[in-house]
Amino acid sequence: MKTVSGPTDHVVVVGAGLSGLSAALHLLGAGRRVTLLERADGPGGRAGALDLETAAGTYRVDPGPTVLTMPSLLEEALGAVGEKLEERLDLVPLDPAYRARFADGSTIDVHTDVDAMEAEIRRACGPDAAAGYGRLRTWLTQLYHAEIDRFIGANIDSPLGLLGPDLARLAALGGFGRLAPRVARYLPDERLQRIFSFQALYAGVPPRRALGAYGVIAYMDTIAGVYFPRGGMRQVGRALAGAAADAGAEIVYGRAVTGLERSGGRVTAVRHRAAEGGPTERLACDALVLTPDLPVAHRLLGRAPRRPVPLRWSPSAVVLHAGVTRARPELAHHTLSFGAAWESTFREIIDEGRLMSDPSLLVTRPTATDPGLAPAGRDLLFVLAPCPNTAAGPIDWPRVGPAYRDELLRVLEARGMGLDGLAAEIELSRLVTPADWTADGLGAGTPFALAHTVAQTGPFRPRNLVRGVDNVVLAGCGTTPGVGIPPVLISGRLAAERVTGTGPGSRGRTGR
């Protein structure tokens, strides 16, 4: 494993999102002095906090990710500084992990317990489907164990580094085939195919084009389990930041990084100022970890790496946060509301750059698990609608956004989900569109970063080492291993390993 050269005693991490906090904890555990600079006034990055006030009280909104899997990665990051997860976070396992509702009115609950899930599939789809689920579960588990250490959780310097028995094992499992046809071999019921392949959209590709290897995301969701921290997803960033600060990190909030100073092939200092403006200050560093989205990182570095094929971005999303005056206990924590359309949905948002004509939606009700996130007797809802990114579909969001919000509410009210009369009961809402993601510096207006196409997967994804700069490493969803809370936590550890020279197969100078 290649590492940064020269001294690495003091590392500056730009961004106190989950990747930056993960990097900081692993760096602290390896004995480095760490300073984090964060533009916002608190930790978490996209998994931060948004409080919306009403006369009745406060709605505590999760503005970013709502699905938390693989808490073992949080344990790993906290363990780097001798902390325990249970002392920092109160995680609640969700059962069901999801409730899937379909256009024909049927419902399938997704359980992570094998016996409960087999019973649910037998009830909804019959005994043959239940048997197929058992075989699918075995395959997904084998995929996970084949990938997690060598292909997801390790720094890869070259495609040649993948050659060996691990690659042969992944190929034998069908990791380089297509996901949707493989799932269909086990589960002929189209409803089940959707449940175990929709996760490919997290990776920015339709299931029929996604590599079979991305079945590992379905493993994380449907087998390893989905969790929710009491107090909301904001508690994840707060837990990591609290542990980092207690381990000696200096975290400076409200600071926008404006530039980098260089000497030869090294960054020697970071220039920053208050986020709202003011004089620029200078912070010297021995090494630097950059976690902003790729366009911002490339701007700070002064150039983007050359690639034979232009970067391709994932679809984006419209998100509606809604404070509702009536609690709806019949609604699960996470509900997947599938339209009748499926293949055409991906074609519309990815290939044609237009809004879904028959939308499939994720509806999250965090108050199902933690009622304290909303005023008494009220509910907090999060509605996510996949949509084109700004490169695929140049939509006039300031004009289209409010009308699309109303359309989404009409769809939800009409689908028999217990959301009748929803629009009239919303006392407060916040709509987030690709225009807002763009204003936050996210490439192509998408919070899901680069699509996991074959040309942007594994060693072909933008590397975390920066060519031409000896002491800068990238972390976050734009670099390896990819998008989602588990990958960005791993990306922080991988960045730290590039600095410290620790980890499997490390070689070269570590600066200590």
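**Figure 1. Alanine 368 in the loop between β17 and β18.** In this predicted model, alanine 368 is found in the loop that runs between β17 (361–364) and β18 (379–387); helices (H or I, at least four residues) and strands (E, at least two) are DSSP runs, numbered from the N terminus. Alanine 368 counts as partly exposed, at 36% relative accessibility; buried means under 20% relative accessible area, exposed over 50%, and partly exposed in between (1.4 Å probe, protein chains only). Leaving out residues up to four places away in sequence, alanine 368 touches Leu331, Ala332 and His333, where contact means heavy atoms within 4.5 Å. Residues are numbered from 1 along each chain as its sequence is written, and side-chain values use heavy atoms, with hydrogens and water left out. For this predicted model, local features need pLDDT of at least 70 and side-chain atom pairs count only at pLDDT 80 or more, whereas totals for chains, interfaces and linings use all residues.

**Figure 2. Arginine 312 and its contacts.** The loop between α10 (294–301) and β15 (316–324) holds arginine 312. With a relative accessible area of 35%, arginine 312 is partly exposed. Not counting residues up to four places away in sequence, arginine 312 touches Arg209, Ile350, Leu450, Ala451, Thr453 and Gln456. Arginine 312 and alanine 455 are 143 residues apart in sequence, yet 9.2 Å apart in space, C-alpha to C-alpha.

**Figure 3. Glycine 277 and glycine 503.** Glycine 277 lies in the loop between β12 (266–274) and β13 (281–284). Its relative accessible area of 26% makes glycine 277 partly exposed. A separation of 40 Å lies between the C-alpha atoms of glycine 277 and glycine 503, which are 226 residues apart along the chain.

Figure 4. Aspartate 95 and proline 96 are joined by a cis peptide bond, with omega about 5°. Proline 96 is found in the loop between β6 (91–93) and β7 (98–101). The peptide bond from threonine 480 to proline 481 is also cis, and its omega is near 0°. Proline 481 occupies the loop between β20 (472–474) and α15 (485–500).

Figure 5. Most residues other than glycine have a negative phi, and most peptide bonds are trans. Methionine 70, although not a glycine, has a positive phi of about 55°. The loop between β5 (68–69) and α2 (72–79) contains methionine 70, which is buried, with a relative accessible area of 7%. Alanine 444 likewise has a positive phi, near 55°. Alanine 444 is placed in the loop between α14 (434–439) and β20, and is buried with a relative accessible area of 16%.

**Figure 6. The nonpolar cores and leucine 36.** In soluble globular proteins, nonpolar side chains tend to be buried together. A nonpolar core is a set of buried Ala, Val, Leu, Ile, Met, Phe, Trp, Tyr and Cys residues joined through side-chain atoms within 4.5 Å. The largest such core has 142 residues, and those with the most contacts inside it are Leu36, Tyr98, Phe196, Leu240, Val289 and Tyr404. Helix α4 (residues 127–152) gives the most to this core, contributing 12 residues. Apart from this core lies another, of 23 residues, among them Leu37, Val270, Leu288 and Val472. Leaving aside neighbours within four places in sequence, leucine 36 is in contact with Val13, Gly15, Ala16, Gly20, Leu21, Ala24, Ala249, Glu250, Ile251 and Val252.

**Figure 7. The setting of the close-up views in the whole chain.** The chain contains 15 helices and 20 strands. Its C-alpha atoms fill a box of roughly 65 × 60 × 45 Å, taken along the principal axes. Of the 512 residues, 59% count as buried. Among contacts between residues at least 6 apart in sequence, 71% join residues at least 24 apart.
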